[in-house]
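Please look over the sequence and the model shown below before reading on.

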Amino acid sequence: MPFVQYDTGVTHVTVSIAVADAAELDAALRRAAAASEGGARLVEWRVDELALHSVAAEAIGRLVADSPMPSIVTIRSATEAGLYDGDEAHRAELLAGLIRSDTPPRYIDVEWRMFRRPGALREKLTTAIDGARADRQPSLIASAHDFAGRPADLLQVVEQAALDAHVDVIKLAWTARSLRDNLEAFDLLAERRKPMIALCMGPFGLMSRVLSPKFGGLLTYASDSDAAATAPGQPTLVQLRDMYRFESIGKFTKVYGVIGWPVEHSQSPRVHNEGFSAIGFDGVYLPLPVPSEYEHFKATVGELIDHDRLGLGGASVTIPHKRHLVRFVEERGGRMDDMSRRIGAANTLIVGSAGGLECANTDAPAVVQSLLEAMNAGVDALQEKRAAVLGAGGAARAAVAALMDAGAEVVVFNRTADRALQLVDDLMTPRNQDDAGRARVGDTAALRDERFDIYVNCTSIGMATGPEPNASPLDVLAGSAVTLDESAVVLDTVYAPRRTALVQQAETAGATVIEGWDMFLRQAAMQFRMWTGRELPNVSN
Ligand code: NAP
């Protein structure tokens, strides 16, 4: 494997493969070959356990010599959560032997806190590196890990390692306790004096792994399968390549995301990234987990917006933060559309180029658009239609307000009657006697006895991760099976799964049915237009 100049400002996708035993060599090399085909540029051989075997020198030597791409060799010490708990002199000798071999690895990774101390590790490695042929001299990565949180000595590590002439690359990895930790990693990269890797671990750290090319990180790690991650929060190679389009991320790439708690299973990153890719938009869209309380939202979103280097262009906002977004934009003196103000909840944040904020609610127009398209009718078609809205949460507020604006007579049914009363009270208060659409609270028994032209489910019943995943919200609220007729139009806002019990119930009755996925794509398309000025192209189902 020829020696490649890697410290060129390009961020390399590095697949990390742990090898515990010499019997695994062939399989590990096949995995590396597949990863190379899949777009990886470097392989990290994590040989913590292999290094404990008597055949370690030969086995690791073979991994490096036969590697389909340039490699990093790491024998991670148990002192930094690795699996190597053997003799330090043995580890130093193994690594020095690799450096002296005819086919040395491109990089050797050792813990900074051990390397900096005078002793066998430092002496053997520096002697071997200094003695190696200039065109085959491995670069030394001095790494510092902290699995508990940001290390107190983070800045000292950077300072001291930068001054150490034998350190070629500084690697910093710590467990992020909030999205804000990523911002410090970005600043360290942007202000680096040597090639650097700065990554946050855990669910809050994905952002640092995906965005490292924006800030000039030397590399980012990926696993070659869901099960093979060698650190918490590592994305897969396929996710980096296909979902986040890692190769196209650069200094000027705008950042978007979905803010919620939880957000791991959101479909929004797939939809928006696919859209960005299709129109050639220089943006990337990430899951942005923010814990439920307003204080978390305010602190985190505020810092993301104010971090000039990040370049946050906007965000989708989902459960439980839709009301928080309105409060936040109001507190910051931003602008909002009438619907967000009226409902008191918004799902879209737009950050202007001068930092000005705007929020909008795209759920409400998406409800009406979905209904009208399915009815094959214009907006007047909802005038005086009788609509039953199930639920009184954020989605229900959007549906009721939009249906009222379109002139419908809305009846709200909810498990907790007080919440429905509050919703109706809030949305009816600013209206005049002669305004067209009206809303009132219904007794859930009426779902059995009365007929409605339109049904919109805005409860979480039917959601795969919801309270009653296999039930119909109509039947649950009514207390027994409800019979629909074929003239009804039924929109289930739940979109995971697509074919909910309510969708099937409505189909069986011959009613006009709209799946939540249809509404989801419509609200996403409006967000996409606000951020890019372009239409969301067709995305895969
Ligand atoms: P939310 O504010 O938490 O409201 C949840 C609603 O479900 C409340 O009315 C709640 O009633 C009701 N509910 C929950 N468990 C129940 C149970 N076991 N029995 C009866 N009622 C129950 O949530 P949200 O933001 O409005 O979202 C609701 C649904 O809309 C979710 O499935 C979400 O995925 C969907 N949605 C879809 C889209 C889209 O684009 N397709 C957009 C937004 C939302 P109580 O008041 O009695 O607790």
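Where is Pro497 found?

## Two cis peptide bonds

Pro497 lies in the loop between β19 and α20. The model is predicted, and in it Ala496 and Pro497 are joined by a cis peptide bond with omega of about 5°.

A cis peptide bond also links Trp261 and Pro262, where omega is about 5°. Pro262 belongs to the loop between β9 (254-260) and α11 (268-279). In general, most peptide bonds are trans.

## Helix α20

Helix α20 spans residues 501-508, and its buried residues are Leu502, Val503, Gln505 and Ala506. Viewed down the axis of α20, these buried residues fall within an arc of 165°, so they line one face of the helix. Residues three or four places apart on an α-helix point the same way, because there are 3.6 residues a turn.

The partners against which the buried residues of α20 pack are β18 (454-457), α19 (473-478), β19 (489-492) and β20 (512-514). After α20 comes Gly510, which has a positive phi near 80°.

Most residues other than glycine have a negative phi. Arg245 is not a glycine, yet its phi is positive, about 45°. Arg245 sits in the loop between α10 (237-243) and β9. With 13% relative accessibility, Arg245 counts as buried, the cut-off being under 20%.

Glu384, likewise not a glycine, has a positive phi of about 60°. The loop between α15 (363-375) and β15 (386-390) holds Glu384. At 62% relative accessibility, Glu384 counts as exposed, for which the cut-off is over 50%.

Note on methods
Residues are numbered from 1 along each chain as its sequence is written. This is a predicted model: local features need pLDDT of at least 70, side-chain atom pairs count only at pLDDT 80 or more; totals for chains, interfaces and linings use all residues. Side-chain values use heavy atoms; hydrogens and water are left out. Buried means under 20% relative accessible area, exposed over 50%, partly exposed in between (1.4 Å probe, protein chains only). Helices (H or I, at least four residues) and strands (E, at least two) are DSSP runs, numbered from the N terminus. The arc is that of the directions from the helix axis to the C-beta atoms. Contact means heavy atoms within 4.5 Å.
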